[in-house]
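Dear colleague,

My findings follow directly after it.

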Amino acid sequence: GEDVEQSLFLSVREGDSSVINCTYTDSSSTYLYWYKQEPGAGLQLLTYIFSNMDMKQDQRLTVLLNKKDKHLSLRIADTQTGDSAIYFCAEGANTGFQKLVFGTGTRLLVSP
Amino acid sequence: NAGVMQNPRHLVRRRGQEARLRCSPVKGHSHVYWYRQLPEEGLKFMVYLQKENIIDESGMPKERFSAEFPKEGPSILRIQQVVRGDSAAYFCASSPPTGTGNTEAFFGQGTRLTVV
C-alpha cells in the first residue's frame, strides 16, 4: 500500500538552512506536497511539486524531487524561529480529488 | 473570502455519547474531505464527499462513523457511542470542482475531540 515516511525531529539554529526529507512508495503519485502545522492549528500548504519536475523554488523554500528514488526534500533557507512547527509531506494522485497520504511529520525546532 | 470553517474547535464527550463535527467549505468548493490525526501521527484520510454524495469512504471505520454533505448547510461528521480511542483531531478540507485546474485542498483548523 501507500506509505510516506519522514524523520521525526530536526533541530537547527536560527539563520541556518533546514532540510526535511521524505520518502514515498506510490510511483503513481502525481503531486507531492509540503504542509506546515503550528501548535493547535490546522495545516497550511507551503508548496507542492508535480511529479514531472525535479525542483521548485519559492522564496526561502526549495523542493527537490528524486522520482527514481521516490525521495522528496524541503529546504528552508535562513531558518527563523517562526519556522518552528511540524512539517508534513503528502502525496496525491491526479484523480480529480485530494485524497492525500500524509507522512508522520517532522518536528522542526529552531533555536536562537 | 472565508476559508474552511470547522466547529467546534474543541469538543469533550463522555464515553457512549455522540459527537457531531461540522465543516463549512470554502465558498464555491463542492468537494469536502475529512481526515483524522491521532496524537503524534500524520493525517489519515477518512472520507470524500460531494454535495449529497459520498464518493470515497475507504478510510471510515465500519461502525459508529458517518458523514454527510447535504445540499444546504455544512458537512457533518458524526461519531456515535464514542470511545476513548476516538480522541483525535479531525480536519476537514475542501477543494474546487473538478476541471477548474486547481489542485489545492484547503484545510480547516480542526476539531479536537477528547473522550473522557
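How much area do chain A and chain B bury between them, and what share of it lies on carbon and sulfur atoms? In this predicted model, the two chains bury about 1700 Å² between them, with 55% of that area on carbon and sulfur atoms. On the side of chain A that touches chain B, the elements giving two or more residues are strand E4 (31-37) and strand E5 (43-50) of chain A. E4(A) gives the most, with 4 residues. By class, this side of chain A has 11 nonpolar, 7 polar and 2 charged residues.

The contact takes 20 residues from chain A and 23 residues from chain B. Between the chains there are 0 salt bridges, while 3 residue pairs are in polar contact across the interface.

I turn now to the aromatic residues. Over all chains, the count comes to 14 aromatic pairs. The planes of Tyr31(A) and Tyr48(A) stand at 80° with ring centres 6.3 Å apart, so this pair is edge-to-face. It links strand E4 of chain A, which holds Tyr31(A), to strand E5 of chain A, which holds Tyr48(A), 17 residues apart. Tyr31(A) is buried, with a relative accessible area of 8%, whereas Tyr48(A) is partly exposed at 21%.

The rings of Tyr35(A) and Phe102(A) have centres 5.6 Å apart and planes at 50°, so that pair is tilted. Tyr35(A) lies in strand E4 and Phe102(A) in strand E10 of chain A, 67 residues apart; both residues are buried.

Finally, one aromatic cluster includes Tyr31(A), Tyr35(A), Tyr48(A) and Phe102(A), together with Tyr35(B), Phe45(B) and Phe107(B).

With kind regards

Note on methods: Residues numbered from 1 in each chain as written. Chains lettered and ligands numbered in written order. Predicted model: local features only at pLDDT ≥ 70, side-chain atom pairs only at ≥ 80, totals over all residues. Heavy atoms only, no water. Contact = heavy atoms within 4.5 Å. Buried area = accessible area lost by both parts, 1.4 Å probe. Salt bridge = Lys/Arg side-chain N within 4 Å of Asp/Glu carboxyl O. Polar contact = N/O pair within 3.5 Å; in protein donor to acceptor, adjacent residues only side chain to side chain. Nonpolar A, V, L, I, M, F, W, Y, C, P; charged D, E, K, R; others polar. Phe/Tyr/Trp six-rings, centres within 6.5 Å; stacked < 30°, edge-to-face > 60°. Buried < 20%, exposed > 50% of the residue type's maximum accessible area, 1.4 Å probe, protein only.
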